[in-house]
Amino acid sequence: MTEDKVKKTGKKKSEKLENIDPVNDETELMKEDLNADEETVKEMEEAMADDTKTAIRSMPMIPLRGLSIFPYMVLHFDIGREKSISALEKAMMMNQLVFLSAQKDAETDLPTHEDFYKIGTIAKIKQMLKLPGDAIRVLVEGVSRGEIQNVVLEVPYFKCTVKKIEEREFDELPSRVVALMRSTLGNFENYLDLNPKVSQDIFPSVASVDQPGRLADVITSHLDVKTEEKQKILEAFDPEDRLEILNEILNKEIEILTIEQDINIKVRSQINKVQREYYLKEQMRAIQEELGQDEAIEDEIETWLGQLKKLKLSPKVNEKVEKEIKRLSKIQPSSAEGGVIRTYIEWILALPWVKASKGTIDIKNAEKILNEDHYGLEKVKDRILEYLAVMKLSKNMKGPILCLVGPPGVGKTSVARSIARAVNRDFVRMSLGGVRDEAEIRGHRRTYIGAIPGRVISAIKEAGTNNPVFLFDEVDKIGADFRGDPASALLEVLDPEQNKEFTDHYLEVPFDLSKVMFITTANTTDTIPRPLLDRMEVIQVPGYTEEEKVKIAERYLIPKKVKEHGLKDENITISESTIRSIINYYTRESGVRNLERELANLCRKVARKIVEEDATRFRVTAANIETYLGKKRYRYDIIEGENEIGVTTGLAWTIVGGDTLFIETTLIPGTGKLVLTGQLGEVMQESAKAGVSYIRSISKELGIQEDFYKENDLHIHIPEGATPKDGPSAGVTMCTAIISTLTKTPVRKDVAMTGEITLRGKVLPVGGIREKVLAAHRAGIKKVLLPADNEKDIEEIPANVRKKLEFILIHNVSEALDHALLKTEDGKVKMEAEDSGKTEA
């Protein structure tokens, strides 16, 4: 028969299936179908003639979802799948026998022969009823177990050859089987006692079954277990094995039901306790209403206790806070003490005790962010990336506290902010400038009126997580007075061995700060207390070179200011020469803070012109810069003019970068005084005196009169007298200037030097080499004399500057004189002749 014919026959027959009693003659029903062909009639007659005791037969098959049926079991179920309806119709046209097998996965809508079990039940269709929505309810009775031998047909319905499994019958039951039956009945009785879903009225009828196999099937049909468990029983052909498997399932279910019962008893007990507490609280609320007390306080206390439970604090902290909450419930809420306790509880519950940022450290992403936010600062970036790499590998926050040290405006704070962005954590900042009270760090004790926690705990609360990036800004400007030493309090905060249990005076309970990433900034390490500095790793953030400032202005500052002032890129054009003019003549700093202000000033001027005039494009150049920013405010010393006697060029470091110093000396008749002018500090004055003493010790070698200091006064002056100057690095410069004056030998204008001297004429290393050399380059110096021990610092100087300068490493003053002083030959200055030759060339 073709598939199309089967479909047509099944479809027409399904229309006649409503309320059919299968007791009627199926042959007559078949003959009423005018569309049934001879082949269909023949197939049905052969099926009806089949002996029901045949071991292997072919029959329709219906897969069941989440359902199992056993022999002698009467069960009704609904079918709606097209294949199942077709199989049902085919069975009705034959001998009402159908093979039922459970699906392995109930979620499968269109099963194949691999999706249902091979062992199932041969069932007899007793009754069927058509339901709304093309569904059919079927009542069946299990006949015997069956095993699929072969799947004959899958479309339009499942048809299988099924081997009937004969049930073993016992005339006389063996003792072991009797024992198993009794044990099974006992377990089943316990199961019924524990499971309220199954009625105990079924037990007498179940106990009356005398065959072990059928007893196991009947009991299994009443169990509320998974289909897989029932399938094990169905596949156990031997009754004795079947009872053993059933006993295991029953014991397991009894154990689970016993645990459920214990849980239910505990839950009911807890509910009863809660109901009792609720009743008592309602009574208390009624009493409080009579007394005129606030009702909301009880609800608030309940909320607090719930929040406290969720925080999962340590037992010590939990006990402390719970005690405070109970204290509040016993006092008048309007009292002063009630307000203090309320504030304390709210602070405790608001802190992020367990909440942390789920940030991960991605070194490549961190490097990308640092490069996006900052130009230059390569050594600083490298050190930060190394720090993050160690943190990622060690999985431990304990480590050195980074201290970024550098002049103002070089980006220390923004570097810390970039670190927070790189590790995907919250960022909080606390400025320590001018902090003199220890309570700013540790908080006030609650005995004081208006007491609050310290700024550290306040910042942690503001961050909302217990592992933010915490910046202590301007740690070098922290002070101390009669109210305590904040620097000592900071030791507990920053020390990895102590901050795990940091105790704020207000909270009076330890808070874990070990997960916080602390970073500090300072302009200098000289004023940082030594114990505090010992806990930090210093990273020098040097000032920017002119080239770096130009790049920063072009990449970051100009686009930022243009956007802030409502301008567009086409409204204003600022050339590179304009930026250099602003850097050199309108700012004097190591950072870019004033440069940013001047660029903002430019944008404001252009914005006004756009509003007042019709023009929309303005070009700012070095030639017209004064029309926008006014007259030039600063000037840089440019080396020009002739070589002079007694005038040397020194190099100095300032907080705004390097600078050049012209040191002038002159010899005048007098009584041997050493006159120092130019507002020199004590260290610089001592350097001058040490230089004079050294010169007196080698006066014979220099060809100087030994008593020159008796009849003459020596005057040393450094211009710009309004600016204080100090430090030892001008020692070699002043010594060279004095020797030039005494020997009447000119000093080369294009040579600059720096270094500290000793009484033996040795030149000692000094700091700030990078900034000093940049100042020398800016002033037009061609040769720089540096202490030999500063050779390592030359690598930090930008490559483009190193190429344009000649560096001479000196060990003593004699070497400095060889390169700085011009020896006279035939009454003429040798250097001048060489210079003139170079000019002609």
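Is Glu 596 buried or exposed in terms of relative accessibility? At 19% relative accessibility, Glu 596 counts as buried, where buried means under 20% relative accessible area, exposed over 50% and partly exposed in between, with a 1.4 Å probe and protein chains only. The model is predicted, so that local features need pLDDT of at least 70 and side-chain atom pairs count only at pLDDT 80 or more, while totals for chains, interfaces and linings use all residues. Residues are numbered from 1 along each chain as its sequence is written, and side-chain values use heavy atoms, with hydrogens and water left out.

The protein has 841 residues, of which 47% count as buried. Its secondary structure comprises 31 helices and 28 strands; these are DSSP runs numbered from the N terminus, with H or I of at least four residues for helices and E of at least two for strands. Among contacts between residues at least 6 apart in sequence, 72% join residues at least 24 apart, contact meaning heavy atoms within 4.5 Å. The accessible surface amounts to about 43900 Å², and 49% of this belongs to carbon and sulfur atoms. Accessible areas come from the Shrake-Rupley method with a 1.4 Å probe, and for residues only the protein chains shown count as cover.

The count of salt bridges comes to 39, a salt bridge being a side-chain nitrogen of Lys or Arg within 4 Å of a carboxyl oxygen of Asp or Glu. In one of them, the side chains of Glu 596 and Lys 561 meet at 3.3 Å, N to O. This pair links distant parts of the chain, with Glu 596 in helix α22 (residues 593-612) and Lys 561 in helix α20 (residues 546-564), 35 residues apart. Lys 561 is buried, at a relative accessible area of 10%. Salt bridges that share partners also join Lys 320, Glu 324, Arg 327, Arg 446 and Glu 508 into one network.

A further salt bridge is formed by the side chains of Asp 495 and Arg 535 (3.1 Å, N to O). Here too the pair links distant parts of the chain: Asp 495 is in the loop between α18 (486-494) and β10 (502-503), and Arg 535 is in the loop between α19 (530-534) and β13 (536-540), 40 residues apart. Asp 495 is buried, with a relative accessible area of 10%, whereas Arg 535 is partly exposed, with a value of 25%. Within helix α11 (residues 315-330), Lys 326 and Glu 322 lie four residues apart, about one turn of the helix, and their side chains meet in a salt bridge of 3.6 Å, N to O. Both residues count as partly exposed, Lys 326 at 45% relative accessibility and Glu 322 at 28%.

Asn 195 is located in the loop between α5 and α6 (203-207) and is buried, with a relative accessible area of 5%. When residues up to four places away in sequence are not counted, Asn 195 touches Asp 224 and Leu 257. A negative surface patch is formed by Glu 169, Asp 171, Glu 172 and Asp 210. Patches are made of residues with over 30% relative accessible area and no salt bridge, like charges being joined within 9 Å and nonpolar side chains (Val, Leu, Ile, Met, Phe, Trp, Tyr) within 5 Å. Lys and Arg count as positive and Asp and Glu as negative, while His and the chain ends are not counted; the place of a charge is taken as NZ of Lys, CZ of Arg, CG of Asp or CD of Glu. Asp 171 lies in the loop between β6 (158-165) and α5 (175-194) and is exposed, with a relative accessible area of 88%.

Most residues other than glycine have a negative phi, and most peptide bonds are trans. Tyr 72 has a positive phi of about 70° although it is not a glycine. Tyr 72 is found in the loop between β1 (56-64) and β2 (74-79) and counts as partly exposed at 40% relative accessibility. Asp 134 likewise has a positive phi, near 65°. This residue is in the loop between β4 (119-131) and β5, and Asp 134 is exposed, with a relative accessible area of 58%. The peptide bond from Val 155 to Pro 156 is cis, with omega near 10°, and Pro 156 is found in the loop between β5 (135-153) and β6.
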